[in-house]
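Hi,

Here is the structure I promised to pass on. Please open it and read my notes alongside.

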Amino acid sequence: MADSHYEQLIAYLAGELDDKGKRTFEEHLTACGACREELRQLEQVWNVLPYSMEEEELPEELKLEVMSAINQVTGTPPKAGDDSGSETIVSHKRSIRRFWHTRYSVASAAIVLLLLSIAWYGASQRGDPIPAEAGRLDVPAQVVNTYRLNPPDSAKSSASGQAWLMNKGGSLQLVLHTSGLSALQGEQVYQVWLIKDGSRLNGGTFRVDPSGSGVLTYVIDGKDRPFDAIGITLEPDPGGTQPRGNKVLGT
Amino acid sequence: MQQYSDEQLMSMIANKQSWALEALYDRYARLVYSFAMKTNRDVQFAKDVVQLVFTRLWTMEVGFDSRRGQFVNWLLTITRNIAIDQLRKLRKQPTAVPYEPSVWESVAGDPLESPDSVVSRMWLKQQIENAYRHLTESQANLLQLFYWEGFTLSEIANRNGEPLGTVKNRLHQALKILRKQLASVREEGID
């Protein structure tokens, strides 16, 4: 291998080539097996160098600091710290983490939803761009309500789930997380239903990963109405508008 | 808790699932913090680096592509780049290293490189310390200045009053010696 290639290799590894130099070297790499092999071996050492570090104890408060800071920058709900319950709705960010495990009755949930949907039906009639709020990074999302999802027969199923109703600048979203659901076959999906007075509105479909976990976010738009329960069924395919299969989880 | 792979967590992070960011934090924050502490023995500095690294993960628009190599190597490269950037700011030096390693820079390596338990990391640390004993003082010093303190090869050459080529060559030699030592450890059949 030519000497100039050794030097370039090191400069490349060190990230000290400019964009043009990088491209030129990468073109060379596609043609030169010797350089590729040398680079591969040097990278092995490079990747091992970090492990001469001492492993330090992480400061405990750091997790909350990091998650809160990220929330302030990007509008993510922070989720760090302990799980103590709280009864009051406070918009202060540090209290948001206590929401995750607060329980409200279904009735009060319906009232909150009704109030919100009235406020936001009104706004949508004015032509305000409500759904656009859902995408903005500088608008903090706030948990309005938390729901626990349980199987119809807990003796037969270890599935479980949680749903969070989020208010982001007047846009309502339902975020669901499930675990322990059975694996799907073929075209099967799990389908979410928003239930009100016995009628069921399609809340979307999802599939689970090999460990039975699934995630879904449903943006509640102006044409939807409040719900007082959530159900999840196992469907033969994603095309249904009414439940065809059995319920696997629900509030 | 289900065992998601790092790649799965990263794609959930790209979908703004904040619990996945928390899971990655639980998995890797200690390594990131410890790495930062080695570059600059300052707790606040290290905390800032952790925050910058995880903010960076959160704001990436795509998940992690395993063609980039093993996640932990890529994560530590990002950590190094961020730590060095911060260090250079402190020293009022211009930016040297980009945040994102290019695809070639992270070729899939062998399992030795990403120890996933404290025990295997301690063992690896021992091996590296043994390998370091085969370096000359100027080689070891170069690695410290270059890898851990973020000085560029040109800056180091100027500081020593040497040609840049000499410094590059010394770095190459140092890496080759370490590689030889670590490879012979593997060949002895230590699993």
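In strand S5 of chain A, A:Thr205 is the bridge partner of A:Gln191. Helices (H or I, at least four residues) and strands (E, at least two) are DSSP runs, numbered from the N terminus.

First, some ground rules. This is a predicted model, where local features need pLDDT of at least 70, side-chain atom pairs count only at pLDDT 80 or more, and totals for chains, interfaces and linings use all residues. Residues are numbered from 1 along each chain as its sequence is written, chains are lettered from A and ligands numbered from 1 in the order in which they are written, and side-chain values use heavy atoms, without hydrogens and water.

Now the sheet in chain A. Strand S4 (residues 189-196) pairs with S5(A) in the antiparallel sense, over six bridges. Two strands pair if DSSP finds at least two bridges between them. Both belong to an open, antiparallel sheet of four strands, in the order S5-S4-S7-S8. S5 (199-206) and S8 (247-250) of chain A each have a single partner strand, so one side of each has no neighbour in the sheet.

Next, chain B. The axes of helix H1 (residues 6-14) and helix H2 (residues 18-39) of chain B come within 8 Å and cross at roughly 140°. Axes are lines fitted to C-alpha atoms, for helices over the stretch in contact, and angles run from 0 to 180 degrees between N-to-C directions. Contact means heavy atoms within 4.5 Å. Residues making the contact include B:Leu9 and B:Ile13 of H1(B), and B:Trp19 and B:Leu24 of H2(B).

Best wishes
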